[in-house]
Amino acid sequence: MKTSIKTLLAGLAFLAPLSQPAFAETLRWASSGDVISYDPNAQVDSFTQSVHHMVFDPLVRRNKDLKLEPALATSWEVVEPTRWRFKLRQGVKFHEGQPFNADDVVATIKRQIDPGARNRENLSTVVGVEKVDEYTVDLILRAPYPLLLNDLAAIYIMSKPWMEEHDALKPGNASTGVVTYASNHANGTGAFKLKAYEPDARSVFEVNKEWWDKPQHNLDEVEFRPIASDATRVAALLSGEVDMIAPVPLQDVDRIAATDGLKVVENPSLRTIFFVFSYRPELHATPGQPNPLRDVRVRQALWHAIDTNTIQKRLMRGKSRTAGMLVAPAVTGYDEDIDVPLPYDVAKAKALLAEAGYPDGFKTGLACPNDRYIADEQICLAVASMWAQIGVQANVSVESKTTYFPRTDKGEFDVYLLGWASLPPMDGFSPLQALLATNDGTFGGSNADGLTNPEIDKLAYAASTELDETKRVEDLKQAFRITHDQVLYLPLHQQPVAWAMSSKVDMPQFPDEYVRPWFAQIKK
Amino acid sequence: MIRLLSVRLLQAILVMVAVTAIAFVMFRFVGDPVASMVREGATQAEKDAVRVALGLDKPVLAQFVKFVGQVLTGDLGTSYRYQQPVTTLLLSRLPATLELVIVATVLALSLGIPLGVLCALKPHAFFSRLTQSATLVGISMPTFVTGLLLILVFAVNLRWLPSSGRGDLVDIGFWQTGFLTLSGLKSLILPSITLALFQLTLIMRLVRSEMIDVLSSDYIRFAFARGLPRTYIYGRLALRNALMPVVTVTGLQIGQLIAFAIVTETVFQWPGMGLLFTNAVGYPDVPVLAAYLLFVGFLFVMINMIVDILYTFIDPRLRTR
């Protein structure tokens, strides 16, 4: 009997390799959301953009350290402050065989800056594009603009003849009901070809053997599956149906980490979580009374009263990175000197409140989403109880992101939780322009609470046109220094990114939360 | 007969008008899609432009009139999220939901009727009691718990069946079917059991109580007295009459299943209309939400009408009224 089982096993072991094609390394990964469309101009969703990057190449891209490096453009120069010249890579082919040249870049940029493009603003300063020769292209800018390369890293180059053939030169658009062939098909120059796309079910990619770059992965195929339900996604990993899941529901991290053959990778992301203050004359919680939050001492007191250590250890399970400023270390404009939170000091907080004329504290609203950031609701509840110790009665309200964000936009809250990743430019200019500058139509798009500081406005406008990088970074740092000294916002931490994968998979994790399978290795 | 039909038709139209109004009003309050449609650092001008492009800056009444006009011409708008006409989107997801519902219904009927008959004929047998209490558990357990339990046992522990998705599909014209591949069939098992469980219990209990009712009626006793064969009495005389309400309930339940496959489809990432709906809630994709509600309203109105008409065929006495 023993021998027969052994023989059987030996036979099975012999058969096993036959059941799968030799050397086919497939990475199967599941995420909570799906790609919205394969049309690069039809959405602004950063997850969708990250998946597009497998199929398409931009002119410049981010390397393993997230620094910008040449991709389809090999070099560039600023001919005039408003004219940038790009030399293009020669000998590159699209997946369907079309050769890559300047015409493709011109057609792509035109499609990108078309008023009908949903993500038109990802390249907002470019007003025109000109072909110089077969492999040289000029981009014309509205004004001098230092972040052009950052913006271009998210602009994916499409093939002009392909778009002509399929009547897709104009971008798709939801409001006008334009759907193009490019919504469900993709033809790029990237490391992988899109083989199949079934919305809400899967996308299959096969390796592009004629990729212009030297592959740093050993994959033949990538299968992406959206699995919205947290429990099901974890089940898919535990049952071996997928090799990797991103993100991992926090409550399952320990269980997965303890499972043989699986590992969890966690690092702080770029997304900084912070509190926003209302600077209106009155708070919604106390109509008719002056707004205490307009006093810098009150804001300092609120910061001193938060025990960041406890939040980091208890709520974030030690995986977050406590922050003192609005941007993470990888973002340009980061300054170690001001990335320091005000120390936890209840006595000092009380003294500051008394000095500001609120010895017994005051009432305020405190709002949080419950389905957007990690432990968002719990953070609000914890902070409310910490503030209660200095007499500040925070009235916590919690709601879903679908109703929460429209309300933050309308300035309906007194104090509320917000996250900012500074993407896609990965530059301090992003929060400076959107959060800190006065809301006037072009700046301060997410500053709906009446914050206005002339000095910051001046620095924001300077940083938007300054081409001297050293000077520009100094402008950013100066603006963040004022933000810190005045406690214009109250930073808490950078929340972690958590992925779980089979121990056979070796995949670098990035703070911008992009999954980059072209850096993945699967052990044989 | 014609009067009956025209009255029903009028009622149906009234219901649909009400559903349209509710669909419209309700989804003006689920949230503002602009927040999820613009990028993180969007300026005020950008947000305003999106709002104008979607017509959200117009008065609510004007938006409603436009919406009704569109609905009447069969245009349900374009999805904010998928950027496709909503009608196309719903139709492309219909096969997945229908296949799931069909399998679940077949499962529920083919198990529910025999089990119900068995429990009625031998109400005190051990097997009947066991079935009765087992189905009580089935009917009181939330769908997502059933689904997750099945996943835990058959996907994670035993690794026999996939935990999510539809598997490989075959295109037959406009219809994508999972019936023709092994992985497609395997993928159907867990979600259809989950979806069928509630319906199975309902049918079983209905058949049982109807059957007990019928068996105690005079004509069955006379039939026994006349010495007719048992199979004839149970099969032809009793079961046939007991099945009348089962037709109604099954009809309505199919509507329920299509409409409320939402939970099952979310748990199993089944790419049908229910999953489309849950994804639309989070976005919020108002045209999809409104269209889905209209579709479900229409479905129930149609099913009710068909059931009413079927009655008049099954029971001729209703025709004279």
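Let me start with the salt bridges: across the interface of chain A and chain B, the rule finds three of them. The model before us is a predicted one, and every value I give is computed from it. One of these bridges brings together the side chains of Arg93(B) and Asp200(A), with a nitrogen-to-oxygen distance of 2.9 Å.

Between chain A and chain B, 15 residue pairs are in polar contact, with both partners at pLDDT 80 or more. Which elements of chain A give two or more residues to the side that touches chain B? They are strand S10 (221-226), helix H6 (230-238), helix H12 (401-409), strand S16 (415-420) and helix H13 (429-436). The largest share of that side is from H12(A), which supplies six residues. Sorted by class, the side of chain A that touches chain B holds 22 nonpolar, 20 polar and 11 charged residues.

Let me turn to the extent of the contact. Chain A contributes 53 residues and chain B contributes 51 residues. The area buried between the two chains is about 3,900 Å², and carbon and sulfur atoms account for 50% of that area. Which residues of chain A lose the most area to chain B? They are Ile36(A), Asp200(A) and Thr402(A), which together make up 15% of what that side buries.

I return now to helix H6 of chain A, one of the elements on the side that touches chain B. Seven of the nine residues of H6(A) are buried, so this helix is largely enclosed by the rest of the structure. The buried residues are Thr232(A), Arg233(A), Val234(A), Ala235(A), Ala236(A), Leu237(A) and Leu238(A). Just after the helix, Gly240(A) adopts a positive phi of about 80°.

The next topic is the disulfide. Over all chains the rule counts one. Cys368(A) is joined to Cys380(A), with a sulfur-to-sulfur distance of 1.7 Å. The link has 80° about the S-S bond and is right-handed. Cys368(A) lies in strand S14 (residues 363-369) of chain A, while Cys380(A) lies in helix H11 (residues 376-388) of chain A, 12 residues apart. Are these two cysteines buried or exposed? Both Cys368(A) and Cys380(A) are buried. In chain B, another cysteine, Cys119(B), counts as buried because its relative accessibility is 1%, under the 20% limit.

I close with two further residues, one from each chain. Where is Asn122(A) placed? This residue sits in the loop between helix H3 (102-112) and strand S6 (126-133) of chain A. At 5% relative accessibility, Asn122(A) counts as buried. Leaving out residues up to four places away in sequence, Asn122(A) touches Gln49(A), Gln112(A), Asp151(A) and Ile155(A), and also Arg39(B) of chain B.

In chain B, Phe24(B) belongs to helix H1 (residues 2-27). With a relative accessible area of 2%, Phe24(B) is buried. Its contacts, neighbours within four places in sequence set aside, are Val60(B), Gln63(B), Phe64(B) and Phe67(B). Between Phe24(B) and Ile303(B) there are 279 residues of separation in sequence, and the C-alpha to C-alpha distance is 23 Å.

Note on methods. Residues numbered from 1 in each chain as written. Chains lettered and ligands numbered in written order. Predicted model: local features only at pLDDT ≥ 70, side-chain atom pairs only at ≥ 80, totals over all residues. Heavy atoms only, no water. Contact = heavy atoms within 4.5 Å. Buried area = accessible area lost by both parts, 1.4 Å probe. Salt bridge = Lys/Arg side-chain N within 4 Å of Asp/Glu carboxyl O. Polar contact = N/O pair within 3.5 Å; in protein donor to acceptor, adjacent residues only side chain to side chain. Helix = DSSP H or I, 4+ residues; strand = E, 2+ residues; numbered from the N terminus. Nonpolar A, V, L, I, M, F, W, Y, C, P; charged D, E, K, R; others polar. Buried < 20%, exposed > 50% of the residue type's maximum accessible area, 1.4 Å probe, protein only. Disulfide = S-S within 2.5 Å.
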